[in-house]
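The sequence and the model are shown first.

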Amino acid sequence: MGGSALSSAHTPLHRLPKGTKATIVDIVAHAMFGELDEQVSLRLKELGFLPGAMLQVIGFGLFGTDPIAVRINGTKFGLRRAEAEKILTIAHSH
């Protein structure tokens, strides 16, 4: 038991099931944003999506599409799937 967490345990936010609580471990680059990627990362961090922050997936748009609704620091946000893919998390078991 114990030891360091393997990166395989890090789940991108968009893959978490509804209702899941998780801790953010990193914000990573996403090729889709190209030159704007750094700005998108900065915006997410300004909103409170920082390593160590706790969040909960509230729900998804129609048929599991955008937006992905997330609660973090008591505030609800709607993220696009590509934004959610940038956020690596560790899900907490219920």
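Strands are DSSP runs of E with at least two residues, numbered from the N terminus. On this basis, Pro 67 is placed in the loop between β3 (54-60) and β4 (68-72). The model is a predicted one, and its mean pLDDT over the chain is 90, with 90% of the residues at 70 or more. Residues 1-7 form a stretch in which pLDDT stays under 50, and the model gives this stretch two contacts beyond four places in sequence.

**The sheet**

Six strands form an open sheet in the order β1-β6-β2-β3-β4-β5, and their pairing is antiparallel. The edges are taken by β1 (11-12) and β5, each of which has a single partner strand, so one side of each lacks a neighbour in the sheet. Within the sheet, β2 and β3 run antiparallel and are joined by three bridges; Thr 23 stands opposite Met 54 in β3. The antiparallel pairing of β4 with β5 extends over five bridges, and here Ala 69 faces Gly 78 in β5.

**Backbone features of the loops**

Asn 73 is a residue other than glycine, and with a relative accessibility of 59% Asn 73 counts as exposed. A positive phi also occurs at Gly 48, which follows α1 and has a value near 110 degrees. In the loop between β3 and β4, the peptide bond that joins Asp 66 and Pro 67 is cis, with omega about -5 degrees.

Which residues of helix α1 are buried? In this helix, which spans residues 37-46, they are Asp 37, Val 40, Ser 41 and Leu 44. Because these residues cover an arc of only 100 degrees around the axis, they lie on the same side of α1. The face turned away from the buried side carries Glu 38, Gln 39 and Glu 46, which are exposed. The packing partners of the buried residues are β2 (21-27), β5 (75-79), α2 (81-85) and β6 (87-91).

**Salt bridges**

| Salt bridge | N to O distance |
|---|---|
| Asp 37 and Lys 86 | 2.8 Å |
| Glu 83 and Arg 43 | 2.9 Å |
| Arg 80 and Glu 83 | 3.3 Å |

The side chains of Asp 37 and Lys 86 form one of these salt bridges. Asp 37 belongs to helix α1 and Lys 86 to the loop between α2 and β6, so this pair ties together parts that are 49 residues apart in sequence. Asp 37 and Lys 86 are both buried.

A further salt bridge is that of Glu 83 with Arg 43. Since Glu 83 lies in helix α2 and Arg 43 in helix α1, the pair ties together parts 40 residues apart in sequence. The relative accessible area of Glu 83 is 4%, under the 20% limit for a buried residue. Arg 43, by contrast, counts as partly exposed at 40% relative accessibility. Glu 83 also meets Arg 80 in a salt bridge, and Arg 80 is partly exposed, at 43% relative accessibility. Through shared partners, the salt bridges join Arg 43, Arg 80 and Glu 83 into one network.

In soluble globular proteins, nonpolar side chains tend to be buried together. In this model, the largest nonpolar core has 19 residues, and those with the most contacts inside it are Leu 13, Ile 24, Phe 49, Leu 55 and Ile 87. The elements β2, α1, β3, β4 and α2 each give two or more residues to this core.

What is Leu 55 in contact with, leaving aside its neighbours within four places in sequence? Its contacts include Leu 13, Ile 24 and Phe 49, which are also among the residues with the most contacts inside the core. Leu 55 is in contact with Leu 16, Thr 20, Lys 21 and Ala 22 as well. Further contacts of Leu 55 are those with Val 70, Arg 71, Ile 72 and Thr 89.

Notes. Residues numbered from 1 in each chain as written. Predicted model: local features only at pLDDT ≥ 70, side-chain atom pairs only at ≥ 80, totals over all residues. Heavy atoms only, no water. Buried < 20%, exposed > 50% of the residue type's maximum accessible area, 1.4 Å probe, protein only. Helix = DSSP H or I, 4+ residues; strand = E, 2+ residues; numbered from the N terminus. Arc of directions from axis to C-beta. Contact = heavy atoms within 4.5 Å. pLDDT = per-residue confidence, 0-100. Salt bridge = Lys/Arg side-chain N within 4 Å of Asp/Glu carboxyl O. Core = buried A, V, L, I, M, F, W, Y, C linked by side-chain atoms within 4.5 Å. Pairing = 2+ DSSP bridges.
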